[in-house]
Amino acid sequence: MNGRLAASAAALVLLVALTGCGADTSGGSDAKPSPSASSASPEETASPTPTPTPTGDAVELPTDCRAILSEDVLSQLGETPLNDAAFGPSGVGEDGTLTCIWRDPRADTTGLVTTISRMNRGPALDMLNALVANEGFSCFTPDGGTRCEKTWQDPQYPVTDGRTLFWRDDILIDTTYSNLAPTGYTSSIIAHLFD
């Protein structure tokens with residue numbers, strides 16, 4: 001009987017050790033090991049899976065296109081109209097997404113569109129990885145997030161077009177532009193949202 005008890009104890013220690021090896025994949029779980037294996041239910045042992053971090057819930061989506069930009073960026077935008085009805089829906093959407101369209105309806109191409117929305121980590125990273133693999137975007141990790149960007153020659157006009165995306169804490173900032181790229185634009189939005 002002592003041999004059977006020793007084998008059971010060894011199996012229990014191995015099970016606890018293996019469970020502990022893969023338990024915290026989220027990088028910041030506060031889960032603590034239970035004092036004894038008999039007090040842990042199957043739900044508790046299986047629960048340390050990646051979940052949204054409290055930081056993501058704390059970040060509010062903005063509601064004002066001008067308030068998220070520094071004075072320097074606003075001065076670079078100058079008299080460019082914001083959210084002209086000619087370009088369709090803009091401002092705050094039903095789901096809280098903010099769309100900012102800086103463009104003059106009299107201009108053929110000059111303008112930029114920024115959408116700030118919620119996006120969970122998995123779908124965001126899948127999307128950003130696809131942009132790198134399929135469309136030649138370059139990505140790096142500044143300001144505690146992931147930023148991907150690409151520029152190209154406009155197919156119709158002699159100007160530069162581009163797209164910049166930044167994801168952090170379940171917030172995606174996605175900007176497309178043509179011949180209008182104020183210096184520090186995305187950085188200004190990041191500073192407003194996360195600092």
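**Note on disulfides and salt bridges**

1. C139 and C148 are joined in a disulfide (a pair of cysteine sulfur atoms within 2.5 Å), with 1.9 Å between their sulfur atoms. The link of C139 and C148 is right-handed, with 110 degrees about the S-S bond. C139 is partly exposed at a relative accessible area of 35%, whereas C148 is buried at 0%. Here buried means under 20% relative accessible area, exposed over 50%, and partly exposed in between, with a 1.4 Å probe and protein chains only.

2. The model is predicted: local features need pLDDT of at least 70, side-chain atom pairs count only at pLDDT 80 or more, and totals for chains, interfaces and linings use all residues. Residues are numbered from 1 along each chain as its sequence is written, and side-chain values use heavy atoms, with hydrogens and water left out.

3. The search of the whole structure gives 2 disulfides. Another pairing to be noted is that of C65 with C100, whose sulfur atoms lie 2.1 Å apart. This pair links distant parts of the chain, 35 residues apart: C65 belongs to the loop between α3 (54-58) and α4 (71-77), and C100 to strand β2 (residues 98-103). Helices (H or I, at least four residues) and strands (E, at least two) are DSSP runs, numbered from the N terminus. The link of C65 and C100 is left-handed, with -90 degrees about the S-S bond. Both C65 and C100 are buried.

4. Counting bonded cysteines along the chain, the disulfides of the protein chain show the pattern 1-2, 3-4.

5. The whole structure contains 4 salt bridges, a salt bridge being a side-chain nitrogen of Lys or Arg within 4 Å of a carboxyl oxygen of Asp or Glu. Among them is the pair of R163 and D174, with the closest N and O atoms 2.6 Å apart.

6. R106 is exposed, at 73% relative accessible area, whereas D104 counts as buried at 17%.

7. A further salt bridge is formed by D169 and R168, for which the closest N and O atoms are 3.6 Å apart. D169 is buried, as is R168.
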